[in-house]
Amino acid sequence: MSKHKANYMSAAEAARLIHSGDHIYVQGSTSVPDVLLAAIADRASELRDLTFYTGFSVSPGPAPFCRTECEENYFVDSFFVSNNVRDWIERGFGAVTPRFLADVPALFRRDYWPLEVVLLNCSLPNEDGYVSFGVGGDVACSAVECGKTLIAQINPQMPYSHGDPVVHISRLAAAVEVDAPLVEVPTPVPTEAEVRIGRHIAELIPDGATLQIGVGGIPNAVIAALADHRDLGLHTEAMTDGVLPLIEKGVINNSRKKILPGRSVASLALGSRRLYDYLDGNRDVVFRDVAWTNDPYIIGQNPAVMSINSCLEVDLTGQVCADSIGEKIYSGVGGQHDFVIGASRSEGGRSFIAMLASTRRGASKIKATLTAGAGVVTSRFAVEYIVTEYGCVNLRGVNMAERARRLISVAAPEHREELEREALRRFGRAFQRYK
């Protein structure tokens with residue numbers, strides 16, 4: 001334990017530092033400070049007009065403040081709708097602020113968002129008195145920089161990650177000892193269709209490429225297909241268990257990167273205890289503020305950036321929806337747009353948007369037009385490769401009539417005839433030209 005003094009107290013005592021009207025940032029990823037949130041929820045009858053800023057997080061259930069007694073006075077302003085607040089927002093007790101993830105820290109730094117309190121989940125302090133909140137560094141770095149009152153759970157199960165997500169324990173207005181495991185996210189086993197998608201993408205990734213890989217079955221299928229590659233780099237938003245085998249085999253060695261060569265770069269982490277133990281004290285991995293990791297100008301300085309993300313649906317012109325199901329906001333933009341643009345700036349870079357061709361109910365994810373109310377995350381002006389289990393098509397430099405033809409070729413076969421009718425109606429003779 002560090003010799004540096006900290007202001008230790010109970011969660012109930014720490015919650016007394018919250019005042020009516022406060023704006024509160026809540027750390028995300030798999031390290032949501034639920035003990036502190038529960039103590040604040042217990043004060044629902046005393047506090048008025050609280051605003052909670054939330055982003056990407058993985059929780060076992062609803063946030064502690066999503067209780068009936070909190071409905072009138074606890075409001076959520078979210079830049080990424082996660083499972084712990086999705087129902088709360090859908091019921092009208094919160095709203096979404098659209099913003100590219102790289103730009104969210106500027107909401108604090110340029111005073112668009114007032115910020116009185118920051119809630120964190122931190123490691124034990126090191127010998128110099130610094131604690132780390134590395135698995136949820138992303139926006140938390142800017143919040144710690146700008147927040148007036150910092151309150152943290154001090155948790156021995158939080159890994160000490162190196163880089164930006166550290167703060168000296170003397171800056172904490174309150175430190176609450178909590179010994180609780182971080183949420184673990186199982187590594188999905190790719191389906192047969194996802195394996196095919198992974199192979200389509202891996203065939204287009206050269207040795208020496210710099211990877212940004214999202215979360216889920218398809219990204220893990222891509223990773224599995226890269227086992228025979230060489231000298232790959234990692235500069236990503238979210239680090240998961242999937243990359244560990246490639247790091248251990250030396251496939252990912254970061255030897256050809258221009259930005260922080262020799263070190264893997266991420267902004268947050270989610271996975272198993274194995275991943276968290278790997279990160280603890282590991283200087284081969286650097287966690288940085290998401291305004292830096294997701295800056296397209298920085299991303300683009302690395303060679304052959306391969307941006308690999310997923311989506312919910314794509315229309316025949318290449319518009320990509322990844323955050324909403326119709327009018328219902330389901331998630332957020334995340335880093336997809338940041339890395340699509342970053343990859344376009346990289347020498348030899350490519351961006352891939354991957355998805356299964358059909359929903360679980362058999363509806364096509366490639367549509368004549370996006371579902372009414374759906375939002376565009378990656379515009380048709382920025383999109384490049386679209387990948388399904390039926391193939392991979394490049395839309396860069398391709399007019400909309402030909403795009404429609406290419407996209408239909410990777411749609412589920414049972415939907416192609418209807419899509420062709422819609423494309424013919426929309427593009428007429430121009431579409432027929434590309435038969």
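**Ground rules.** I number residues from 1 along each chain as its sequence is written, and I use heavy atoms for side-chain values, with hydrogens and water left out. Since the model is predicted, local features need pLDDT of at least 70 and side-chain atom pairs count only at pLDDT 80 or more, whereas totals for chains, interfaces and linings use all residues.

**Entry 1, α6 and α7.** I looked up how helix α6 (residues 192–202) and helix α7 (residues 217–224) pack, and noted an angle of about 55 degrees with the axes 7 Å apart. Helices (H or I, at least four residues) and strands (E, at least two) are DSSP runs, numbered from the N terminus; axes are lines fitted to C-alpha atoms, for helices over the stretch in contact, and angles run from 0 to 180 degrees between N-to-C directions. The two helices are therefore oblique to each other, the term for what is left when under 35 degrees is roughly parallel, over 145 roughly antiparallel and 65 to 115 roughly perpendicular. For the contact (heavy atoms within 4.5 Å), I listed Glu 194, Val 195, Ile 197, Gly 198 and Ile 201 in α6 against Gly 217, Ile 218, Ala 221 and Val 222 in α7. By class, this contact holds six nonpolar, two polar and one charged residues, where Ala, Val, Leu, Ile, Met, Phe, Trp, Tyr, Cys and Pro count as nonpolar, Asp, Glu, Lys and Arg as charged, and the others, Gly among them, as polar.

Seven of the eight residues of α7 are buried, so α7 is largely enclosed by the rest of the structure; buried means under 20% relative accessible area, exposed over 50%, and partly exposed in between (1.4 Å probe, protein chains only). The cover over the buried residues of α7 includes α6, β10 (210–213), α8 (244–249), β16 and β21.

I traced an open sheet of six strands in the order β11-β10-β16-β21-β23-β24, with mixed pairing; two strands pair if DSSP finds at least two bridges between them. At the edges stand β11 (233–234) and β24 (391–394), each with a single partner strand, so one side of each is left without a neighbour in the sheet. Helix α6 packs on this sheet, touching β16, β21, β23 (385–388) and β24, and its direction makes about 150 degrees with that of β23. Inside the sheet, β16 (residues 305–310) and β21 pair in the parallel sense over five bridges, and Ser 310 stands opposite Ala 354 in β21.

Leaving aside neighbours within four places in sequence, I found Arg 350 in contact with Leu 204, Val 305, Met 306, Ser 307, Ala 343, Glu 384 and Tyr 385.

Strand β3 (residues 74–78) has four of its five residues buried, so β3 is largely enclosed by the rest of the structure. It pairs in the parallel sense with β2 (residues 50–54) over five bridges, and likewise in the parallel sense with β4 (residues 94–96) over three bridges. Tyr 74 is the bridge partner of Leu 50, while Ser 78 stands opposite Val 96 in β4. In the loop between β3 and α3 (86–90) I looked up Ser 82, which counts as buried at 2% relative accessibility; beyond neighbours within four places in sequence, Ser 82 is in contact with Gly 55, Phe 56 and Ser 57.
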